[in-house]
Amino acid sequence: MAAIYSSADVAKHNTKNDLWVVIHNKVYDITEFVQEHPGGEEVLIDEAGKDATEAFEDIGHSEEAREFYLTKYEIGELDEASRKTDHKFNAIRAGELPVEKPKSSFWRVLLPALIVAGAIAYKFVLEQKH
């Protein structure tokens, strides 16, 4: 059975030499990983002792980071009272580009049609004058 920690327990581990974070309600002791982190140690130290789910997801980590490193450093999970379910992030994976929402096709069709109709009407008016 996994160890259970509160947010207060995690908050005590907030230095470079004793660094815990929470990601998706799981607790990770990433002290050993601080100097190896490809994004630099500062980003980890900024999240030390806190819920780092949004920071982790917003940056777009690779599958290796998700599967290998998270599994390697997991030490437990948050207790029910400390769990968060209202994170706000756009989960992307390393190498992926954010997907653009399709724009309205109404104006994409109507605007060129109006331009063509206007050009034809203009030409017709010029021919009437001559």
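A pocket, as the word is used here, is an open set of grid points with protein on both sides within 12 Å along at least five of seven lines. Its volume is the space filled by probe spheres set on the points. Rolling a probe the size of a water molecule over the atoms shows where empty space is left. Keep in mind throughout that this is a predicted model.

**Stop 1: the largest pocket**

Select Phe33, His37, Leu44, Phe56 and His61. Of the 22 residues that line the largest pocket, these five lie nearest its centre. The pocket has a volume of about 520 Å³. Now colour strand S3 (18-23), helix H2 (41-47), helix H3 (53-59) and helix H4 (63-73), the elements that each give two or more residues to the lining. What classes of residue make up the lining of the largest pocket? There are 16 nonpolar residues, three polar and three charged.

**Stop 2: the whole chain**

Clear the selection and switch to a cartoon view. The protein has five helices and five strands. Followed along the sequence, they come in the pattern β-α-β-β-β-α-α-α-β-α. Of the 130 residues, 25% count as buried.

**Stop 3: the start of the chain**

Select Ala2, in the segment before strand S1 (3-5).

**Stop 4: from helix H2 back to earlier parts of the chain**

Select Glu41 and Lys16 and show side chains. The two form a salt bridge, with 3.2 Å between the closest N and O atoms. This pair links distant parts of the chain: Glu41 is in helix H2, while Lys16, 25 residues away, is in the loop between strand S2 (14-15) and S3. Glu41 is partly exposed at 27% relative accessibility, and Lys16 is partly exposed at 31%.

Stay on helix H2 and select Glu47, which also lies there. Its relative accessible area is 21%, so Glu47 counts as partly exposed.

**Stop 5: a salt-bridge network**

How many salt bridges does the structure hold? There are three. Side chains of opposite charge can pair when their charged atoms come close. Select Glu77, Glu80 and Arg83, which are linked in a network of salt bridges. Arg83 meets Glu77 at 2.9 Å, N to O. Between Arg83 and Glu80, the closest N and O atoms are 3.4 Å apart.

Is Glu80 buried or exposed? Glu80 counts as exposed because its relative accessibility is 65%, and the limit for that class is over 50%. Glu77 is partly exposed at 24%, as is Arg83 at 29%.

**Stop 6: positive phi in a loop**

His24 lies in the loop between S3 and strand S4 (26-29), and Asn25 lies in the loop between S3 and S4. His24 has a positive phi of about 50° although it is not a glycine. For Asn25, also not a glycine, phi is positive at about 65°.

Asn25 counts as buried because its relative accessibility is 9%, where buried means under 20%. His24 counts as partly exposed, at 37%.

**Stop 7: a nonpolar patch**

Finish by selecting Phe106, Trp107, Leu111 and Ile115 with the surface still on. Together they form a nonpolar patch on the surface, with about 480 Å² of accessible area. Centre the view on Leu111, which lies in helix H5 (residues 105-129). Its relative accessible area is 47%, so Leu111 counts as partly exposed; a patch takes residues with over 30% relative accessible area and no salt bridge.

Conventions:
Residues numbered from 1 in each chain as written. Predicted model: local features only at pLDDT ≥ 70, side-chain atom pairs only at ≥ 80, totals over all residues. Heavy atoms only, no water. Patch = residues over 30% accessible without salt bridge, like charges linked within 9 Å, V, L, I, M, F, W, Y side chains within 5 Å. Areas by Shrake-Rupley, 256 points an atom, 1.4 Å probe, with all protein chains shown as cover. Salt bridge = Lys/Arg side-chain N within 4 Å of Asp/Glu carboxyl O. Helix = DSSP H or I, 4+ residues; strand = E, 2+ residues; numbered from the N terminus. Buried < 20%, exposed > 50% of the residue type's maximum accessible area, 1.4 Å probe, protein only. 1 Å grid on protein atoms, 1.4 Å probe; cavity = no way out; pocket = protein on both sides within 12 Å on 5 of 7 lines; lining within 4 Å. Nonpolar A, V, L, I, M, F, W, Y, C, P; charged D, E, K, R; others polar.
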